[in-house]
Amino acid sequence: QLESGAESTEEGSEEHRDDCDGGPIWPAILAQFLQVCSIAVFAPYVSLVTALAPYAQGPASHCPEGTGCHTAVSNVTSQGGVAHKGHYQYGVDAATRGMVHGQDIISTCSAISSLADLASFALHGMLCDRIGVRVVGIIAQSGKIISVGTLFLCAPSEGILSLHTDHVFVWMVVSSAISGLCGQTRIPVLALVAKRSSTSLRSTNFGKVAAATGFAFFLGEAMNIAIAELVGKHELRLPLLLAAVLSIASLLVICFTWPSHVKVAEPAPWRDAVPWVSVKRTILTSTNLMLFGIMFFIDGFGMDMLHSAFMVFARKLYHFDTEHCAMFLMLVGVTTPFVMAVILPGLLSCRGELFALRFSSVMLLGVFAVLFLIGLTPYGFLLFLAAPFIPLSHISGPVLLGFATRELPKDEWGRLTGATMAVETCGRLLAPLTAMYVMRRTMDGPWPSALFLVAAVLMLPGVAIAWWVQPKEVFEKDDENSQMEFSEDEVVSTTSAVSLGSTPAASIS
């Protein structure tokens with residue numbers, strides 16, 4: 001009996017150590033890589049498309065069937081987004097009008113997409129645990145194809161598929177809602193990686209997803225620069241067409257390489273598709289998970305504040321054009337793989353996951369503080385010096401998710417991923433509204449970068465929690481079980497003693 005008990009204890013310890021389905025994680029990483037490449041290709045053009053929309057420029061910018069759109073695009077791209085009197089009949093404030101009203105479109109679409117995401121995350125997380133990740137990935141990726149296709153039709157052009165709509169605001173709002181309801185590809189990607197990773201490697205593998213994401217941004221921006229050199233900066237349709245092709249490629253990877261089945265002891269109940277129920281059954285089940293949820297919220301707010309408003313800020317204050325924006329994103333993208341593939345594993349092996357979490361939270365606070373100070377100077381090139389430090393603030397994402405998966409069994413990781421992304425999306429929903437409010441009141445004032453100061457102050461609670469939380473260690477349960485384990489010699493010795501009657505029952509127990 002002692003011998004069988006020792007064996008079962010060892011099996012339980014090993015099961016805790018490698019609580020995963022097994023299998024390669026490259027299909028998930030490749031699908032994420034292609035989708036992020038698509039985002040990186042079209043991201044610099046979103047502010048241009050919205051700035052050229054009739055809502056942003058007014059009736060004078062309406063482009064009939066002629067060459068007006070070509071003139072407008074050439075002027076905006078060559079002058080860093082500055083629209084001059086004589087083109088749009090607005091005078092000196094035309095640049096501010098176009099950029100600020102363009103930011104209105106971006107902020108509105110981002111808010112609507114976030115609301116739709118919020119409504120769908122719990123459903124998609126539950127479906128990952130119930131029917132598998134492939135169906136969820138197909139639905140999510142289809143929504144992304146619709147989104148980039150709509151942006152393609154909203155972009156003015158004379159060459160590639162001249163079909164065009166003047167109702168840019170309306171169509172972008174509709175596509176944002178559809179894309180949000182279809183969900184994020186990241187949910188099934190992270191759920192698949194989590195279920196195929198052992199406990200000790202889970203944070204590292206999440207870091208590999210982030211590294212692929214960073215390299216995808218770099219490659220996407222390199223494509224943008226190459227396209228600009230080949231066809232000129234005035235052509236917006238070609239990079240958007242490339243983005244659509246990359247999204248379709250990601251969909252094909254999901255269809256043909258992701259697993260079509262799910263291994264669960266009990267299917268996830270349909271009631272977990274309700275956002276509040278999903279959050280209650282995952283994030284609100286322990287103190288640690290609640291603290292992680294708060295940090296996911298703060299991280300989501302900070303990242304969206306950084307990425308959604310930075311391009312408009314750089315175009316307006318420092319007259320960045322599409323090439324400058326692409327170079328900045330390339331710098332961030334080429335640094336991210338190094339951070340996630342080299343620095344993150346080094347921090348995890350040398351200092352531990354908790355140190356990596358604290359380091360990342362401090363870096364996010366520092367990035368906002370540095371951007372605020374740079375914005376007070378006339379030297380826009382300093383923004384490029386801050387770019388390599390941005391990926392260091394992204395380390396917290398893989399570590400937080402790695403911590404969170406230790407709190408729940410693997411059959412609930414899909415719902416956990418959906419719930420954490422729902423909480424993160426609440427932060428992303430608040431970020432564009434805050435950016436729009438602050439930018440309207442400060443962009444033309446003495447503190448044009450006040451947006452980043454506000455963001456830095458709002459990051460302080462996350463830094464405090466990083467120093468307060470005490471997550472489970474990787475082999476905490478193994479250490480407890482090790483007190484019950486016996487070596488082979490001890491089992492034989494104890495068994496012999498029992499058979500001779502020389503060991504009291506109390507000492508055996």
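1. Helices are DSSP runs of H or I with at least four residues, strands are runs of E with at least two, and both are numbered from the N terminus. On that basis the chain has 22 helices and zero strands. The model is a predicted one.

2. Of the 509 residues in the chain, 54% are buried. The chain exposes about 21,500 Å², and carbon and sulfur atoms supply 66% of that area. Among contacts with a separation of 6 or more, 85% are between residues 24 or more positions apart.

3. Helix H6 (residues 133-154) packs with helix H10 (residues 237-257) at an angle of about 170 degrees, and their axes are 9 Å apart. Angles over 145 degrees count as roughly antiparallel, and H6 and H10 are therefore roughly antiparallel to each other. The H6 side of the contact includes Arg134, Gly137 and Phe152, and the H10 side includes Arg237, Ser247 and Cys255. By class, this contact of H6 with H10 has 14 nonpolar, five polar and two charged residues.

4. How do the axes of helix H8 (residues 186-195) and helix H17 (residues 413-442) cross? They come within 9 Å and cross at roughly 140 degrees. That angle makes H8 oblique to H17, and H8 passes H17 in a right-handed crossing.

5. In the contact of these two helices, Arg186, Ile187, Leu190, Ala191, Ala194 and Lys195 of H8 meet Trp413, Gly414, Thr417, Gly418, Met421 and Glu424 of H17. The residues of the contact of H8 with H17 divide into six nonpolar, three polar and three charged.

Conventions:
Residues are numbered from 1 along each chain as its sequence is written. This is a predicted model: local features need pLDDT of at least 70, side-chain atom pairs count only at pLDDT 80 or more; totals for chains, interfaces and linings use all residues. Side-chain values use heavy atoms; hydrogens and water are left out. Axes are lines fitted to C-alpha atoms, for helices over the stretch in contact, and angles run from 0 to 180 degrees between N-to-C directions. Angles under 35 degrees count as roughly parallel, over 145 as roughly antiparallel, 65 to 115 as roughly perpendicular and the rest as oblique. A crossing is left-handed if the near helix is turned anticlockwise from the far one by less than a right angle, and right-handed if clockwise. Contact means heavy atoms within 4.5 Å. Ala, Val, Leu, Ile, Met, Phe, Trp, Tyr, Cys and Pro count as nonpolar, Asp, Glu, Lys and Arg as charged, and the others, Gly among them, as polar. Buried means under 20% relative accessible area, exposed over 50%, partly exposed in between (1.4 Å probe, protein chains only). Accessible areas come from the Shrake-Rupley method with a 1.4 Å probe; for residues, only the protein chains shown count as cover.
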